[in-house]
Amino acid sequence: LCLQVPELEKATVRIRQPERVREIIQSLREQGVAKLQVISDFDMTLSRFGCNGRRCPTSHNILDTSRVISEDGKKKLKDLLHYYYPIEIDPNRTLEEKCPLMVEWWTKAHELLVQQKIHKGDIAQIVRESEAMLRDGFKEFFDQLHKNNVPLFIFSAGVGDILEEIIRQANVFYSNVNVVSNYMDFNDDGILTHFRGPLIHTYNKNNTVLQGTGYFQQLSTRTNIILLGDSMGDLTMADGVPSVENILKIGFLNDKVEERRGKYLDSYDIVLESDETLDVVNGILRFLLTE
């Protein structure tokens, strides 16, 4: 397989069942581009986790730390993060325990943001002033999918308005890109009044929040999937796809690598450890999409 996808030789790559991965990639190639779709998380998956030893912001962080948030608001949002983030990534807590706490976190954070009277017209500038970064190789990733008419579905528990703006400013918001996320609603004066439902958090990225969108139904012939995520919650993103034939799950393990490695290797076909690039994904796509 490394002959066909040399990127899999990278030191950041870990694969528990190489033979199985080889078979899936082979099937994806044989069945052709017309059957393929890509389903991806955004924050820390398409965007970078860190740069030069510093954490890069998520779409929520970008807003939380921007100039439109009062100092008091920033402090309260940071307190929420410090309380709930360890719960989110705690390998010893069950999903049943985590879910209500995630709803609590997101709800409180969204309420705090609404209190800040954020103006729609400020969003582009907030993103421009932020340290948001897409992973190295993002341009090739978006370009390859667009050129080959492969649908890219971005399923994010972040802030939709912010992440769309990041993609737009990177000049890769193509017609094949679809986003489902937490979107803001503004009044006639352009002031944030609430977040549109249903609420999407780390652990409900599945069919429950997609009901009524019919997105996957329209793509019922796209039965082969490449799934990209960075958390256990991202593994359910393809649940709404009718009759999946092949699915290749690629996981970015960004944080607490030693502690979480086992769990990621159990769940994802390919695990990328502390890898800030899309090299492996692009290598696989190149193999699948070239004649």
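Visitor: Is K117 buried or exposed?
Guide: K117 is exposed, because its relative accessible area is 58% (exposed means over 50%, buried under 20% and partly exposed in between, with a 1.4 Å probe and protein chains only).

Visitor: What kind of model is this?
Guide: The model is predicted: local features need pLDDT of at least 70 and side-chain atom pairs pLDDT 80 or more, while totals for chains, interfaces and linings use all residues. Numbering starts from 1 along each chain as its sequence is written, and side-chain values use heavy atoms, without hydrogens and water.

Visitor: Back to K117, then. Where is it found?
Guide: K117 sits in the loop that links helix 4 to helix 5 (123-129) (helices, H or I of at least four residues, and strands, E of at least two, are DSSP runs numbered from the N terminus). The phi of K117 is positive, near 50°, although K117 is not a glycine.

Visitor: What is the phi of N52, and where does N52 lie?
Guide: The phi of N52 is also positive, near 50°, in a residue other than glycine. N52 belongs to the loop between strand 3 (50-51) and strand 4 (54-55). With 77% relative accessibility, N52 counts as exposed.

Visitor: Which peptide bond is cis?
Guide: The bond from G197 to P198 is cis, and its omega is near -10°. P198 is part of the loop between strand 8 (192-195) and helix 8 (215-218).

Visitor: Let us turn to helix 4. How do helix 3 and helix 4 cross?
Guide: The axes of helix 3 (residues 71-89) and helix 4 (residues 95-115) cross at roughly 160° and come within 10 Å. The two helices are therefore roughly antiparallel to each other (angles over 145 degrees count as roughly antiparallel).

Visitor: Which residues meet there?
Guide: From helix 3, the residues include L77, L80, L81, Y84 and I87. From helix 4, they include L101, M102, W105, W106 and L112. Contact here means heavy atoms within 4.5 Å.

Visitor: What does L101 touch?
Guide: L101 touches Y84, I87 and R93, if residues up to four places away in sequence are not counted. L101 lies in helix 4 and counts as buried, because its relative accessibility is 18%. The C-alpha atom of L101 is separated by 24 Å from that of D185, which is 84 residues apart along the chain.

Visitor: A new topic: which residues of helix 6 are buried?
Guide: In helix 6 (residues 138-147), the buried residues are F141, F142, Q144 and L145. Viewed down the helix axis, they fall within an arc of 160°, so they line one face of helix 6 (the arc is that of the directions from the axis to the C-beta atoms). They pack against several elements, including strand 2 (36-40), strand 9 (224-229) and helix 10 (279-289).

Visitor: How many residues of helix 7 are buried?
Guide: Helix 7 is mostly covered, with eight of its ten residues buried. Among them are D161, L163, E164, E165 and I167. The elements that cover the buried residues of helix 7 include helix 2 (59-64), helix 5, helix 6 and strand 7 (184-186).

Visitor: Which residue follows helix 7?
Guide: N171 follows helix 7, and its phi is positive, near 60°.

Notes: Axes are lines fitted to C-alpha atoms, for helices over the stretch in contact, and angles run from 0 to 180 degrees between N-to-C directions. Angles under 35 degrees count as roughly parallel, over 145 as roughly antiparallel, 65 to 115 as roughly perpendicular and the rest as oblique.
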